[in-house]
Amino acid sequence: GGQEFEDPQFIAWPPLYHIFLAELFRVFRWLGLDELIRLETALSINIVAFAVSVYALQRLAVQWFVRPELIFITVMLYALGFPSLYFNAFLLSGNLGMPLMICAFALITHKQAWWAVATGGLLFALASIIRPSFGPYGLSFVLFYLVRHGMNWKFIARAAVFSAVFFSMV
């Protein structure tokens, strides 16, 4: 028995991931897909999200590194490193939160369109709701815009849109 009305409980055990799984399984039951209500379904969702984040990290590595060897090493360390292989075998909220955060960062650094700013804010908000300890990293997104654009209206507008989407979700 947890004490569901005490704030510290949700700091240690963020509820959104579990709510997401419960609602997904409710939809499966409603659609008559009871055979999909299994641990393997949840793990498959995590694995697909991780695979998408491997691609997102590859896009980042292509931007950051000139040498193909460094791109390959970066992607392989992330994709086949101990944390990815070990933790993706368990049902943990970080296994969905981390890929969302990587995809959000890759999106805002790779694309400069307004839809990318808003979508990056949305993905990062979801990552922070799933894993609240990621929340303070939102400042690094704003600092990224400051470094990229300098102190001007372009920076202020992009930081404002990103922050508005983020805070409207969180």
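A salt bridge is a side-chain nitrogen of Lys or Arg within 4 Å of a carboxyl oxygen of Asp or Glu. Keep that in mind for the second stop of this tour.

The model is predicted, so local features need pLDDT of at least 70 and side-chain atom pairs count only at pLDDT 80 or more, while totals for chains, interfaces and linings use all residues. Residues are numbered from 1 along each chain as its sequence is written, and side-chain values use heavy atoms, with hydrogens and water left out.

**Stop 1: the whole chain**

Helices (H or I, at least four residues) and strands (E, at least two) are DSSP runs, numbered from the N terminus. Read along the sequence, the pattern is α-α-α-α-α-α-α-α-α. The C-alpha trace spans about 50 × 40 × 30 Å along its principal axes.

Now show the surface. The chain exposes about 10,400 Å², and carbon and sulfur atoms supply 73% of that area. Accessible areas come from the Shrake-Rupley method with a 1.4 Å probe; for residues, only the protein chains shown count as cover. Of the 170 residues, 36% count as buried. Buried means under 20% relative accessible area, exposed means over 50%, and partly exposed is in between (1.4 Å probe, protein chains only).

Contacts come next; a contact means heavy atoms within 4.5 Å. Among contacts between residues at least 6 apart in sequence, 65% join residues at least 24 apart.

**Stop 2: salt bridges**

Select Asp 34 and Arg 29. They form a salt bridge in which the closest N and O atoms are 4.0 Å apart. Arg 29 is exposed because its relative accessible area is 53%, whereas Asp 34, at 44%, counts as partly exposed.

Select Glu 40 and Arg 38. The closest N and O atoms of this salt bridge are 3.1 Å apart. Glu 40 has 43% relative accessibility, so it counts as partly exposed. Arg 38, at 45%, also counts as partly exposed.

Select Glu 69 and Arg 67. Here the closest N and O atoms of the salt bridge are 2.9 Å apart. Glu 69 is partly exposed, at 40% relative accessibility.

**Stop 3: a nonpolar patch**

Select Leu 70, Phe 72, Ile 73, Met 76, Leu 77, Leu 80 and Leu 85. Together they make a nonpolar surface patch of about 700 Å². Patches are made of residues with over 30% relative accessible area and no salt bridge: like charges are joined within 9 Å, and nonpolar side chains (Val, Leu, Ile, Met, Phe, Trp, Tyr) within 5 Å.

Which helix gives the most to the patch? Helix α4 (residues 68-80) does, with six residues. Met 76 is in helix α4, and at 30% relative accessibility Met 76 counts as partly exposed.

**Stop 4: Ser 93 and helix α6**

Select Ser 93, in the loop between α5 (82-87) and α6 (94-110). Is Ser 93 buried or exposed? Its relative accessibility is 9%, so Ser 93 counts as buried. Not counting residues up to four places away in sequence, Ser 93 touches Pro 14, Tyr 17, Ile 130 and Arg 131.

Now select α6 itself. This helix has 17 residues and reaches 24 Å from its first C-alpha to its last, close to the 24 Å expected at 1.5 Å a residue. The expected span is 1.5 Å times one less than the number of residues. Helix α6 is largely enclosed by the rest of the structure, because 13 of its 17 residues are buried.

**Stop 5: the largest nonpolar core**

A nonpolar core is a set of buried Ala, Val, Leu, Ile, Met, Phe, Trp, Tyr and Cys residues joined through side-chain atoms within 4.5 Å. Of the 37 residues in the largest one, Phe 124 and Tyr 145 touch the most other members. The helices α2 (16-30), α3 (39-64), α4, α6, α7 (114-130), α8 and α9 each supply at least two residues of this core. Its largest share, nine residues, comes from α6.

Select Phe 124. Leaving aside neighbours within four places in sequence, the contacts of Phe 124 include Met 101, Ala 104, Phe 141, Phe 162 and Phe 166.

**Stop 6: Gly 150**

Finish at Gly 150, in the loop between α8 (138-149) and α9 (153-169). With a relative accessible area of 26%, Gly 150 is partly exposed. Gly 150 touches Tyr 145 and Phe 155, not counting residues up to four places away in sequence.
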